[in-house]
Every structure is written in structure tokens, then in C-alpha cells.
Amino acid sequence: MAMADEHPVRKPNKPFYFNTSENLLRIGRQKASNVFELWQALQTCPDDSIFQHTFRTLQEHHFIRQGFSNDFAHWCLSACNEPVLAEQLASVDVREFTDIQGLRRRMVGIVDEFLQQHPQSGTKPAHEPFYFCASSIVVLPTQFAPDTLPGFTDGLRHVSLHSIHHHFIEARLRLHRMSNDFSNWLEQEVGLTQAAESIERIDIYTNTMEGVRHQIASIVEQTLN
Amino acid sequence: MKAEKQPATIADSTTGSHSEAQAAENTGGIVSPESVPTERRAKPRPLPASVLTPPPPAPSPRLDDYRDIIGEAQVDALRFLARDLKGKSIKMVNSTAVGGGVAEMLNQLVPLLRELEVETHWDVITGGNDFFEVTKAFHNALQGSDYNLTQHARDIFLMHNEQNRNRLEFSEDFIVIHDPQPAALIRARKESPQRWIWRCHIDLSSPNPDVWGFLRPFIEQYDAAIFSSQSFARQLPIPQYLFYPCIDPLSEKNKDIDDSFVQHVCDEFGIDRSRPIVTQVSRFDRAKDPVGVVQAFKQARKYVDAQLVLAGGGASDDPEGAAVLKEVKEAVGDDKDIIILDLPPWCALEINALQRASTIIVQKSIREGFGLTVTEALWKGKPTIAGAVGGIPNQIIHKLTGALVHSVDGCAYQIRYLLTHPDFAAQLGQNGHEHVKENFLMSTNVRRWLLLLRILLAGGAK
């Protein structure tokens, strides 16, 4: 983490408004009883189903440090006993995508390739179906709107993990760029380019969301010190 | 049978004592004080008072009571969510004011919504024995039992729903009808912005087609339906939402308790805390496979030292429960490390203590609703082994928040593994606790209700 040559910290022009998002699960109309049906449904399900089973499920399982990536991978392993496909799906990092269509194409592509290589696996019945769900999301303000770096770290330490997920993981779908709200603000408002980059590199798949919170706060505090 | 190794007492549900006939049936680790000669039996210990008489009802929790559990930010989020609902009113309608999971849930939910300034009313439908016999049959049929739906049963159902429609007022902004019994109250719907929600607490995955065919036209008139698991839902033309059942972390069953009380309960029941304790808490019901638990425990104990506690109820007031208990006793034989407790329903605090004393908790169900005993175990941070049925896979992610099993052999293996890998077991317990905190607490349910009301208010349904 090389932040020694970081630009001087400047007073932010705009506060960082910590928001949070709360979601309600809707049960979808589609389900898959084997890998082939998963492949079909992945192509036709609503965008918010893809979002739910990839981005959103990370929030619901924010406490798991390793071994959980997305619902599709988990189902392929636990219900279909297809570890190869599960590994391939699990290797997809949602943060490489700034829109759901790209993520959907990637998932469909992985299952498509697997079915071509293992056609006999396509119709093997799963132990239990995969039920496609979706989220209805409500974004809420919090009481934290800091306009200083110490205030920012204080807010970071006090907001809920839903807020961290909202700003750090889901943000790229809003920003349509490979970044997050924290890095964006630190870079644009405070001039902390390297800190912003360090934050963007945090691995969400080997950390709990609480761990992500601590790492972001540590990076900013190092800069302050 | 050595006196110092007698580990258990079994309490009669009403008196705490045993008849000679019952005593004669006892085998193995079940110790009936009257059945064993004085010189060969452990000195009977008085049972905790709460086992003998129901405790007074606990006061309803307040929102601020949850701050230490879910954090200030989450309580603030509830208040933010409720802000746009001020001035709106909601009516809950179900079929019973006391007893049963729905009434218990409403007793906790209604005061919390009121505290958030969402005006919440709760009405209970009335009906004669004929009505409740029909609705009980509907309840079982909707969960897959055979049933011959007659015109007479339809008429009784509709007549009592009509009487309740005339008796009750439906002037609130949101009307929430719980379960099938009052489902036909949707006929009271007026042409207004009023939203009607059907909250289904039962498993509709394989309903009797006649009964479901009769009820479905009513359900389709609602603005939204709520189910407890994805797998419990039906294909419907209205939006369907997922509300997991939940536990209250402040209830007697789940609140933090002093370790001295845990020790006291173990002492009373003859449980040795210096040795591993494997526990299943469930009524004596074949769906919970208590005999399978005994078999799995006996297999596992060839490799590891442990005691098994089967804490349940229902054997005294249910003929099938008594039969299952007898089967369990036979499976136990003369095994002194298996302790059977037939507890009355008000022993929430004792159950809490038994769960907290446990090294591992098992719920080896072969059929299950959502499985709230699993939720309770996970909340207490206990490594949990459970059958992969009903709503249990929503709670247990295999090898991440617990262990899912499909057989006696699988259960036996997981008992062995978790008892000999305490670090892994502790990690499962910790993850399980967080999973419950995120998804299965009463506060989460309050959040879901507020979200749903806001979404419906914004025209999110239909």
C-alpha cells in the first residue's frame, strides 16, 4: 500500500452522504430443476433476479469469509453436485461488471460452455430446484454526511453493513464505472487517488463485509496519519 | 445401573411426577424416581418452578431494546422506513389470539409497528367448531394430506367468513389476512386505494388440488401474497414476497441468560457439562425423527464421548406423541448417556438453557416447516446439524452456517466431525449466528413489513 507520495489532503467540496439500502425479496415465476433449465432461465429472467442472486446475496451473506460467491454457484454445488461448474460460476467477481447485462452474459456463457462439454449433466435432476427471486430496494439516508476525512471514517465505522455494501459493491451499477462511492469521493473531493485505488482493490470474496469496513477505514486513517 | 450415573429425570407434563405404570415402561436413560429402588437411583432433584407452572407473560419488547443486538444504524433504518408510513393504518386478521406461531408473532410485531407510529390493529375471526374443523382440514389438505372437499365444507367456510366480514370493519389503508381461514374476507374489499395482503404461513408446495382450487380465486384478488420460503409458494398472478419466519432475540427462549442458570438447569436434569452435549429440541413427532437421532448418536459415540439430550413435549396430550416417545425409549434401551425430557410448553427458559449448554444441536427432521428450532440454535452460536428439508436449507448453508444431512449415517458422521473439529464447529456457529442476525430476527421482519407497505403504497404491486 504505497500512499507516502499521496497528494496533500484537501477540504472536500461536497460532503459524503452515507445512504443505506434495504431490500425486500420477491419470489419470481421461474425455477430451474437442472443445469439446462438454469441456462435457459439465466437468459430470460429479469435483470433484478440476476442482481439478487449475485450482488444482493453478498449482502445477505456478508459474514462469510470464504466459500460463498453467488447463489448460482452455490446451487450448482449443493443441489446439482457439479463442482466444476460451481467453481467456474463462483470465480465471477461481480465487481468486474458495471451493468447487469454484462454479468448475465458471463454467467450464461459459463453454463453454456459447461453444457457443451458435459451434455449429460444438463438434465440430471437437482436435489432441490433453484427458485429465481428478485429484490425491491428502498434507498434511505443515514444521519452521517461528513465533510471531513475524520468525519468520513467516523461515519464509516458507525453505518450499517448494508450501507457499506450499498456504497462499495452496488455502486458500480449506479456509477457505470469500475469504482465505488468511497473511492469516487476520496479521489474527486479529497484528491486521494492512491487511497481510492487501494480501496478499490479490496477483495470482497476473501473478507467479511465487516472486514471490508475495517480495511477502508484503515486506508483512510493511514492517509490521515 | 449405578446410582451415580443416573443422568435424567423425566417430568410429567402436568404434575412433574410419574405413575407406576409409566415408571414400568421406562428404560435406559429415562429415570423414573418411583421405578428404581432407592439405593440404586440418583437422589431426585426438585425441578425448576417454571417447569411446573407457566410463567407470567413477558412484556412486549421496545424498539430500543434491539439496539444492542442489531446496532443503532439498523434501528435508525427502521425509523427512516417508517417515516413515510406515519398516518397510515394497517389491520392484521388471523384466527387465534393466543397459542400458535402466528399469534405469537403478532404479539411481538403489532407493538413494534405501533411504536414506529404505524397505526396497527389486530382482529381475530370467530367461528364455531364446525368452521374450525373445516379450516383444520383445509390446513392439512393444503400441506398435502388427502381430503374430500364437500359442498358442505365449502358452505361452512364461506358462511363463517361472511359472518366475520359483516362483524369486522375494514377501513384501514392495509389489510393483512393471515393464513387460509379468513382468506375469503377479501370480499370486503371496496373500490379504494386500500391494499390487501395475504400472509400464508403454511407450505403450499403440494396442496390438495380441490382445496387450493377453491381458495385460489380468493387469493388472486389480493394485491400481494407473502410466503415463508420460496419453495412454499404457488404460481399466482399477484406479486409474491418472501418473509422468513423469525425469532425474537429478547424472548425467554432466546434472550441471553446467566451461565449460573444454565448450570442450574443442567444440574436439575442430570446433564454433565464437563462432557460434550448433543441436543435435539423438538416435540415427539415422527417428522422430527427422534429415533434417527438416537441411532445417529449411538453410531457417533463409537468414536467420541458425548451425551444426547432429547428435549421435547407433546407426549402427554397427543396419542401419537406418546407412541413416538415409546419408540424413542425402545431405541434408547439402557443407554445411560441419553437423556429424554418431556417438557411442558412453557419451559422456554429451560429450553434456552439446554440449547446454550449444548456442544452441538441437531434437528434431524425428515419433514419440516421452516424449522424455528434451527433458528434458535443458530442464534445461540451453536454448530447445528439438520435435515435438508422444508425451510432448513434457507438457514443452513452446508459447511458454512451448519451441516445439512440426509440420513442417519450422515448425521452420525457430522456429530463425529464437529465434536472432533471444534475450531470448524465454532466457525459454523459464529456464521450461523450472523446469518440469523441478518435474516431471521423479529427486527428484520419489522423491516420487511415496513418495506412492503412502502412498496405497495408506491404502487409496487399489481
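Does His176(A) count as buried or exposed, and how many C-beta neighbours does it have inside 10 Å? Keep that in mind as we walk through this predicted model, and we will begin with the residue itself.

1. **His176(A).** This residue counts as exposed, because it has 10 C-beta neighbours inside 10 Å, and a residue is called exposed at 12 or fewer. You will find His176(A) in the loop that links helix 8 (171–175) to helix 9 (181–188) of chain A. Have a look at its backbone too: phi is positive, at about 55 degrees, although His176(A) is not a glycine. Most residues other than glycine have a negative phi.

2. **Glu117(B).** Glu117(B) is not a glycine either, and its phi is positive, near 65 degrees. Its place is the loop between helix 5 (101–115) and strand 2 (119–124) of chain B. Glu117(B) counts as partly exposed, because 14 other C-beta atoms lie within 10 Å.

3. **Chain A as a whole.** Stepping back, chain A contains 11 helices and two strands. Read from the N terminus, its elements follow the order β-α-α-α-α-α-β-α-α-α-α-α-α. The radius of gyration of chain A is 19 Å, close to the 17 Å that the globule rule gives for 225 residues, so chain A is as compact as a globular protein of that length. Along the principal axes, its C-alpha atoms fill a box of roughly 60 × 35 × 25 Å.

4. **Burial and contacts in chain A.** Of the 225 residues in this chain, 46% count as buried. If you take the contacts in chain A between residues at least 6 apart in sequence, 73% of them join residues at least 24 apart.

5. Arg10(A) sits in the segment before strand 1 of chain A. What does Arg10(A) contact once its neighbours within four places in sequence are left aside? The partners are Val190(A) and Gly191(A). Arg10(A) and Val190(A) are 180 residues apart in sequence, yet their C-alpha atoms are 5.1 Å apart in space. Arg10(A) counts as exposed, because it has 11 C-beta neighbours inside 10 Å.

6. **Where the chains meet.** The contact between the two chains takes 26 residues from chain A and 32 residues from chain B. On the side of chain A that touches chain B, strand 1 (19–32) and strand 2 (130–141) of chain A each supply at least two residues. Strand 1 of chain A gives the largest share of that side, seven residues. By class, the residues on this side of chain A divide into 12 nonpolar, nine polar and five charged.

7. Chain B has 17 helices and 12 strands, and 49% of its 462 residues count as buried. Among contacts in chain B with a separation of 6 or more, 71% come from residues 24 or more positions apart. The chain is divided into domain 1 (3–37 + 250–439) and domain 2 (85–246 + 441–457). Between them, nine residues of domain 1 of chain B are in contact with seven residues of domain 2 of chain B. Helix 16 (residues 422–439) of chain B provides the largest share of the domain 1 side, three residues. That side of domain 1 has three nonpolar, five polar and one charged residues.

8. **The sheet in chain B.** To trace this part by eye, follow six strands of chain B that form an open sheet in the order 9-8-7-10-11-12, with parallel pairing. Strand 9 (338–342) and strand 12 (403–405) of chain B stand at the edges with a single partner strand each, so one side of each is left without a neighbour in the sheet. On average, neighbouring strands of this sheet are turned by 20 degrees against each other, direction ignored.

9. **Details around the sheet.** Strand 10 (residues 360–363) and strand 11 (residues 384–387) of chain B run parallel and are joined by three bridges. Gln363(B) has Ala386(B), in strand 11 of chain B, as its bridge partner. Helix 10 (residues 290–300) of chain B lies across strand 7 (277–281), strand 8 (307–312), strand 9 and strand 10 of chain B. Helix 10 of chain B runs at about 170 degrees to strand 8 of chain B.

Conventions. Residues numbered from 1 in each chain as written. Chains lettered and ligands numbered in written order. Predicted model: local features only at pLDDT ≥ 70, side-chain atom pairs only at ≥ 80, totals over all residues. Pairing = 2+ DSSP bridges. Helix = DSSP H or I, 4+ residues; strand = E, 2+ residues; numbered from the N terminus. Axes fitted to C-alpha atoms, helices over the stretch in contact; angles between N-to-C directions. Nonpolar A, V, L, I, M, F, W, Y, C, P; charged D, E, K, R; others polar. Domains from an automatic or database assignment. Rg over C-alpha atoms; globule rule 2.2 N^0.38 Å. Buried ≥ 20, exposed ≤ 12 C-beta atoms within 10 Å, placed from the backbone.
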